[in-house]
Amino acid sequence: MSDYFGAVIERMRQGERFLVVSHVNPEGDAIGSLLGLALALRSLGKDAVAYLEDPLPGIFEFLPGSETIVHTLDGEAPFDATFAVDCGQMDRLGKNFNKFEGMGPVLNLDHHTTNDNFGELNVVFPDASSTGEVIFDFCKEASIEITTDIAINLYVAIHTDTGSFRYSCTSEAALKKAGELVGRGADPWMISTQVYENHPASKYKLLARVLSTLNIIEMEDAKHLIATLYVTDEMFESTGADKGHADGFVNYARGIEGVEAGVLFRETGPDEYKVSFRSKGDVDVADVALGFGGGGHSHAAGCSVTGELKAVMERVVGALKASLAG
Ligand SMILES: [Mn+2]
């Protein structure tokens, strides 16, 4: 059960010094929401420290306020409260953050259906496309003016979590909010060129290797196809790409005509694979991932599976086939 913003706004008014945090392996919604909220708090004259446990991906360095993000809390005095954004579970905020004793009460602002309400106050809107939308609503309710710098951050949050307004979470509300953010100075083309037209060449070299592993598996019902891709440590090493560069490659598998489910297997250790699923809707991939101890949404989910690549692929594809047959 979520609270509304009232109690959170009350805490914000009473406090002077806040920590704002988001999850490890941060992506556009985590970073845009983090910075949008930190800038909003600062615009009220509050002291807001923006913390990410992991490094900021280079494509997000253009975001206003990104230069203020810190990656350590050593020596920080206690905070009046901590805002956690775009994060469903406390441990996803990072090991070092969880060791920090000065966080104060945690105010949890999110949109994940699987959020376990770990905060002292929790505002979780599963119908929101992104936490960017939640921060937008928060600013409105708290009468905080959305400046151009805030607008750019929140636009990136909504834009990336909706897959550039393509995914099933794209709603009238998301588009209306994005429209208002454009009106407040977020420039769609400037942002697109920064986020989507700015990739290192090594990522494309990796993509070429990964696409060459494409395998399309026909189901017995002849109605559905499954497409698989995989990426190994050797591919990262030989192309010079970073681990994060494979994020999103699974969408190439789903994007094929007739394919119901796309799967990407990524080597994460000796005989250990991270498995990412994307579906078009006839199969609930969260259910399949859950069978391997993972989780997610019905259209996008993930899990970890141990074993030799070929065996892992057979097990996972077998589970998907069983799910499609059911
Ligand atoms: Mn999100």
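Me: What do the domain bounds of this predicted model come from?
Reply: Domain bounds come from an automatic or database domain assignment, and for this protein that assignment gives domain 1 (5–196) and domain 2 (201–325). Taken over C-alpha atoms, the centres of domain 1 and domain 2 are separated by 29 Å.

Me: What makes E16 and K46 a salt bridge?
Reply: The definition asks for a side-chain nitrogen of Lys or Arg within 4 Å of a carboxyl oxygen of Asp or Glu, and the N to O distance between the side chains of E16 and K46 is 3.8 Å, so the pair meets the rule. E16 lies in the loop between α1 (5–14) and β1 (17–21), while K46 lies in the loop between α2 (28–43) and β2 (47–51), so the pair ties together parts that are 30 residues apart in sequence.

Me: Why is K46 called buried, and why is E16 called partly exposed?
Reply: Buried means under 20% relative accessible area; K46 has 12% and therefore counts as buried. E16, at 47%, falls between the cut-offs of 20% and 50%, and therefore counts as partly exposed.

Me: How do you know that E76 and R17 form a salt bridge?
Reply: Their side chains come to 2.9 Å, N to O, which is within the 4 Å of the definition, so the pair counts. E76 lies in the loop between β2 and β3 (81–85) and R17 in strand β1, so parts that are 59 residues apart in sequence are tied together. At 18% relative accessibility, R17 is under the 20% cut-off and therefore buried.

Definitions and conventions. Residues are numbered from 1 along each chain as its sequence is written. This is a predicted model: local features need pLDDT of at least 70, side-chain atom pairs count only at pLDDT 80 or more; totals for chains, interfaces and linings use all residues. Side-chain values use heavy atoms; hydrogens and water are left out. Helices (H or I, at least four residues) and strands (E, at least two) are DSSP runs, numbered from the N terminus. Buried means under 20% relative accessible area, exposed over 50%, partly exposed in between (1.4 Å probe, protein chains only).
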